[in-house]
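Q: Please take a close look at the aromatic side chains in this model. Describe how they are placed and what surrounds them.

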Amino acid sequence: MGMLQGVVVSALILTVRGFYTASDDVVELNPSNFNKQVLQSDSLWLIEFYAPWCGHCQRLTPDWKKAATALKGVVKIGAVDADQHKSLGSQYGIRGFPTIKVFGANKNKPEEYQGGRTSEAIVEGAMTALRSLVKDRLSGRTGGSGHSKQSGGGGGAGDKKDVVELTDDNFDRLVLNGDEVWMVEFFAPWCGHCKRLEPEWTAAATEVKDQTKGKVKLGAVDATVHQGLASRFGIRGFPTIKIFSKGEDPEDYEGGRTRADIVARAMDLFSANAPPPELHEIIDQDIFKNTCDDSQLCIVAVLPHILDTGASGRNGYLDVMRKMAEKYKKKTWGWLWTEAGAQMELESSLGIGGFGYPAMAAINARKMKFSLLKGSFGETGIHEFLRELSVGRGSTASVGGGALPKIHTVEAWDGKDGQLPVEEDIDLSDVDLDDLEKDEL
């Protein structure tokens, strides 16, 4: 245990933020400067979305810096810590790290970079994208900056139909009684600030609709016509933006008024209201490997045998795990479980080894490190365990064998109580008991 306690507590999750400094040619981007630096720029941008704990991101860093220096003054090279700035990661559909996006002529629809990760390949990919951008401009297929597109009705202007017109007649039905999250602008036609907000609100509405599949909606109320709604929600100035989530009191929106600001807040709302990650039983190698490879941490529970708990006992443990998955759903964690004895190589690699069920481990598949739950397998104990991990504390050890263990293919639990093996009936009718007694004598 002394060696375990001596392990650096941040081995599972790096807490040092940022790979780049002001002396680098890589531009650090965040929600505050992304709109002005990127979306309103005429420049071609290659942007890396990374997480500090990601080993592939760490290995990319020197090549990304080298490429940025080579392309200085020609192509902009940026980086977003998407673990810290989750709203930007969500806005552009980032599902793994590192992800590189090319922001070209249409800044609202960046393209995925599919090239190599060496400095030479990155420079070549950037120059290919730049040549394509210049050819498009020569042929007249593109316009100016992202800002002029939004304001002038170009490709990034959005569709006005994506802003839902709300009235006294439909407000309660659509907003208060619907399942979606709403951002609602209360405006007046004569208001100059409202007129300036309109193109940003429209562009944001279209992007939010696409990014959230309609789970977050943007609406608008003409408060000079529907004065009852304005009075009901205490509107005193224009524009006023309020957030409506089902079952909660309206919330004032205090963020910026650019498309990027609005989209970022909408994506935060989407994440907060998104369903929790699925809890999977480990029934084959693919489920285990894909879940752990795609997640920052993989939370694995080894539950008692079904004969020891029955269906109700097992469901109780699974309910606790689902509650924890809900609580920590903003984390990029995977959630798995297996029955004691079903995956012995897994148990052995985590030092669980045949006793102490239920057990839980958090695995970092990139570092091949894990941490074991020391407290009780209940909401309080697991919450404390996960909270420590989320801030980079807690002792860790190396996964046995230095690689993810072999997983056996097993049948999924059918949700029922276990059944003892049926003993075979032995027919003794043809056995001569007298002869048996003689043999024994």
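A: Arginine 314 lies over the face of tryptophan 413, at 5.0 Å from the ring centre. A charge sits over a ring if NZ of Lys or CZ of Arg is within 6 Å of the ring centre and within 35 degrees of the ring normal. The model is predicted, so local features need pLDDT of at least 70 and side-chain atom pairs count only at pLDDT 80 or more, while totals for chains, interfaces and linings use all residues. Residues are numbered from 1 along each chain as its sequence is written, and side-chain values use heavy atoms, with hydrogens and water left out.

Searching the whole structure gives 16 aromatic pairs. Rings of Phe, Tyr and Trp (its six-membered ring) pair if their centres lie within 6.5 Å; planes under 30 degrees apart are stacked, over 60 edge-to-face, and the rest tilted. Tryptophan 53 and phenylalanine 97 have ring centres 5.7 Å apart and planes at 85 degrees, so this pair is edge-to-face. Tryptophan 53 is in the loop between strand S2 (45-50) and helix H3 (55-70), and phenylalanine 97 is in the loop between helix H4 (86-91) and strand S4 (99-103), so the pair ties together parts 44 residues apart in sequence. Helices (H or I, at least four residues) and strands (E, at least two) are DSSP runs numbered from the N terminus. Both tryptophan 53 and phenylalanine 97 are buried; buried means under 20% relative accessible area, exposed over 50% and partly exposed in between (1.4 Å probe, protein chains only).

Another pair is formed by tryptophan 190 and phenylalanine 238: the centres are 5.8 Å apart and the planes at 85 degrees, so the pair is edge-to-face. Tryptophan 190 lies in the loop between strand S7 (181-187) and helix H8 (192-212), and phenylalanine 238 in the loop between helix H9 (227-232) and strand S9 (240-244), so parts 48 residues apart in sequence are tied together. Tryptophan 190, at 60% relative accessibility, counts as exposed, whereas phenylalanine 238, at 27%, counts as partly exposed.

S7 and S9 run antiparallel and are joined by 5 bridges; two strands pair if DSSP finds at least two bridges between them. Methionine 183 stands opposite isoleucine 243 in S9. The open sheet of 5 strands has the order S6-S8-S7-S9-S10, with mixed pairing.

Elsewhere, Phe34, Phe49, Tyr92 and Phe103 make up one aromatic cluster. As for the whole chain, 45% of its 441 residues are buried, and it contains 15 helices and 16 strands.
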